[in-house]
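Subject: Structure handover

Hello,

Here is the structure I said I would pass on. My notes on what was found in it follow below.

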Amino acid sequence: MQEHISLSTPFTRDFPELSHLTRDELQDLLNDPVYFQAIFYSLPRVKAMYEAQNELGMANESIAKSNLAMQDDLYALRAQTQEAFDEAKAMESRWKETERTQKEVYQRYSPQFLLMRLRHATTAQDDKSEALANSFISSDSFSSASTLSASFTTAGSETPSDSPTPRTASVPHAGFANDVEEFIREYRELRKVYHKRVMWGDRWASGQVEWVE
């Protein structure tokens, strides 16, 4: 007669599916590997474990196929990422030079720099008008005008008794009046610009010019 395990033991608590086996069947289970595997793979928890393992394997296979389908796109994206990274590093290396150039450009439009340029332009405008006046004074037109003035002065101071033959005054060239008119026009325009710059420089120096950022 076969003896059954009726007591509650750790073995029966852990494997209640085997609690119906006799002692001899349990002994055969330990001694016969084929019998052990047959009983082992018939256990519900083992079946559930292998089913879960099979499902995980199928899920992994599906993920692997999906990854393979995206392989070309991933390689292209990696190449684009590397290209963008290289470009970013190149831009970073040029940043200091660009920043220095930017500061130089901004400095050209700062209030202090613009005031300095205005003062230099005012001085240059004054020099330009003076150069025009000096050029006219040293020109042939001015020399002719001086000769004419001196001749009329000499002729007016002489009396008929002093000189029986009256002097003939030198007459400047026909374009003298036009030259004088052109000089006055140019000189007036130069001085007008000069005085405007002086006026703005004075206002700036007195704080009457306000810069809006």
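To begin with a helix pair: helix α2 (residues 23-31) packs against helix α3 (residues 33-42) at an angle of about 110°, and their axes are 5 Å apart. Angles of 65 to 115 degrees count as roughly perpendicular, so α2 is roughly perpendicular to α3. Please keep in mind throughout that this is a predicted model.

On the α2 side, the contact is made by Glu25, Asp28, Leu29 and Asn31, which meet Pro33, Tyr35, Phe36 and Ile39 of α3. By type, the residues of this contact are five nonpolar, one polar and two charged.

Helix α3 also packs against helix α4 (residues 44-69): the two axes come within 5 Å and cross at roughly 75°. Here too the helices are roughly perpendicular to each other, because the angle falls in the range for that class. Phe40, Tyr41 and Ser42 are the α3 residues in this contact, and they meet Pro44, Val46, Lys47 and Tyr50 in α4. The contact of α3 with α4 divides into five nonpolar residues, one polar and one charged.

The largest nonpolar core has seven residues, namely Leu18, Leu21, Leu26, Leu29, Ile39, Leu43 and Val46. Leu29 and Ile39 are also among the residues through which α2 and α3 meet. Val46 is in contact with Phe40 and Tyr41, leaving aside its neighbours within four places in sequence. Another core lies apart from the largest one; it has five residues, including Leu132, Phe136, Phe183 and Leu190. As background, nonpolar side chains tend to be buried together in soluble globular proteins.

Two residues further along the chain are worth a look.

Is Ser129 buried or exposed? Ser129, which is found in helix α6 (residues 111-137), is buried, because its relative accessible area is 0% and the cut-off for buried is under 20%. Leaving aside neighbours within four places in sequence, Ser129 is in contact with Tyr187, Leu190 and Arg191. Of these, Leu190 is also listed in the core of five residues.

Arg191 lies in helix α8 (residues 176-205). Arg191 has a relative accessibility of 17% and therefore counts as buried. Not counting residues up to four places away in sequence, Arg191 touches Asp126, Ser129 and Glu130.

Finally, the chain as a whole. Of its 213 residues, 14% count as buried. The accessible surface of the protein chain comes to about 17,300 Å², and 57% of that belongs to carbon and sulfur atoms. Among contacts between residues at least 6 apart in sequence, 55% join residues at least 24 apart.

Regards

Methods: Residues numbered from 1 in each chain as written. Predicted model: local features only at pLDDT ≥ 70, side-chain atom pairs only at ≥ 80, totals over all residues. Heavy atoms only, no water. Axes fitted to C-alpha atoms, helices over the stretch in contact; angles between N-to-C directions. Helix = DSSP H or I, 4+ residues; strand = E, 2+ residues; numbered from the N terminus. Parallel < 35°, antiparallel > 145°, perpendicular 65-115°, else oblique. Contact = heavy atoms within 4.5 Å. Nonpolar A, V, L, I, M, F, W, Y, C, P; charged D, E, K, R; others polar. Core = buried A, V, L, I, M, F, W, Y, C linked by side-chain atoms within 4.5 Å. Buried < 20%, exposed > 50% of the residue type's maximum accessible area, 1.4 Å probe, protein only. Areas by Shrake-Rupley, 256 points an atom, 1.4 Å probe, with all protein chains shown as cover.
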